[in-house]
Amino acid sequence: MAAAAARAVRSVWRLAGLPALPGRGAFLVPQRPQRTSQLLCIVTQEKGTGPNLEEEPNQTQHEQKSVTGSAEKMLIEEKAKLEEQLKEITDKYKRALADAENLRQRTQKLVEEAKLYGIQSFCKDLLEVADVLEKATESVPREELKDENPHLKNLYEGLVMTEVQIQKVFTKHGLMKLNPLGAKFDPYEHEALFHVPMEGKEPGTVALVSKVGYKLHGRTLRPALVGVVKEP
């Protein structure tokens, strides 16, 4: 029974990697703590020389934060560039819209003026006809307009009717007559032929109209030829 127990102890001892047991009766139990101490020292050294698993995550997090910070900085710079480009493009777009609107208004104004003043040259030619009719009616002596002289009377009445009709046509197309006798001299509507002192007249007023003027839709087509009162 004792022999069987000894053999079992030796087998366990060999499996544990401990030195071989000496002869019978010797049981070197004290050697086990020494072998265990050696193993603990080896494990401690390996643990001390092995990789530091606690420091690696901290270093990885620091690198990740650094990369993230650089990416954020690049994104902020790119955003600033895009905002500047957007501002510049928006400004150019607004300027282009303003230029297009100004061009449209100028074109519309030119079209309207072309419609209004397209007959300007034709009206100037007709003014000479109106002047001739006016001179013709003024040249007829009023004392000769009698029933005893029916031909002259009928001719005069025909000239007056023609003159009235042509003035109606002028008014229909925006052509207005300017007869500034006694009015204040206006260099935009009148052309001074001479200056004359006159008592009882305010200086700078029109004393005599040599030739009437005309305006087409408010624009002076032909200035009136006048004489202006000056200070004595």
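Predicted model: local features only at pLDDT ≥ 70, side-chain atom pairs only at ≥ 80, totals over all residues.
Colleague: Let's start with a helix. How do you know that the span of α4 agrees with its number of residues?

Modeller: Take the expected span, which is 1.5 Å times one less than the number of residues. With 20 residues, α4 should span 28 Å, and its end C-alpha atoms sit 29 Å apart, so the two agree.

Colleague: Why is Thr137 called buried?

Modeller: Buried means under 20% relative accessible area. Thr137 comes in at 6%, so it counts as buried. Its place is in helix α4. Leaving aside neighbours within four places in sequence, Thr137 is in contact with Arg142, Tyr156, Leu159, Val160 and Glu163.

Colleague: Which other residues of α4 are buried, and what covers them?

Modeller: The buried residues of α4 include Cys123, Leu127, Ala130, Asp131 and Leu133. The cover over the buried residues of this helix includes α5, β1, β3, β4 and β5.

Colleague: What makes a group of residues the largest nonpolar core, and which members touch the most others?

Modeller: To belong, a residue has to be buried, be of a nonpolar kind such as Leu, Phe or Tyr, and be joined to the set through side-chain atoms within 4.5 Å. The largest such set has 13 residues, and Leu127, Phe170, Leu175, Tyr214, Leu216 and Leu221 touch the most other members. At least two residues of this core come from each of α4, α5 and β4, and α4 gives the most, with four. As a rule, nonpolar side chains in soluble globular proteins tend to be buried together.

Colleague: What does Leu221 touch?

Modeller: Skipping residues up to four places away in sequence, Leu221 touches Gln120, Cys123, Lys124, Leu127, Leu175, Tyr214, Lys215 and Leu216.

Colleague: On to the second largest pocket. How do you know which kinds of residue line it?

Modeller: You sort the lining by type: Asp, Glu, Lys and Arg count as charged, for instance. The lining divides into five charged, two polar and two nonpolar residues. Among them are Asp131, Glu134, Lys135, Glu138 and Lys211. The largest share of the lining, four residues, comes from α4. The volume of this pocket is about 160 Å³.

Colleague: Why is Val229 called buried?

Modeller: Its relative accessible area is 2%, and the cut-off is under 20%, so Val229 is buried. You'll find Val229 in strand β6. Apart from residues up to four places away in sequence, Val229 touches Val196, Met198, Lys201, Glu202, Pro203, Gly204, Thr205 and Ala207. The C-alpha atoms of Val229 and Leu208 are 8.8 Å apart, though 21 residues separate the two along the chain.

Colleague: What is phi of His217 near?

Modeller: Near 55 degrees, which is a positive value in a residue other than glycine. In general, most residues other than glycine have a negative phi.

Notes:
Residues numbered from 1 in each chain as written. Heavy atoms only, no water. Buried < 20%, exposed > 50% of the residue type's maximum accessible area, 1.4 Å probe, protein only. Contact = heavy atoms within 4.5 Å. 1 Å grid on protein atoms, 1.4 Å probe; cavity = no way out; pocket = protein on both sides within 12 Å on 5 of 7 lines; lining within 4 Å. Points joined across faces, edges and corners; volume = space filled by probe spheres on them.
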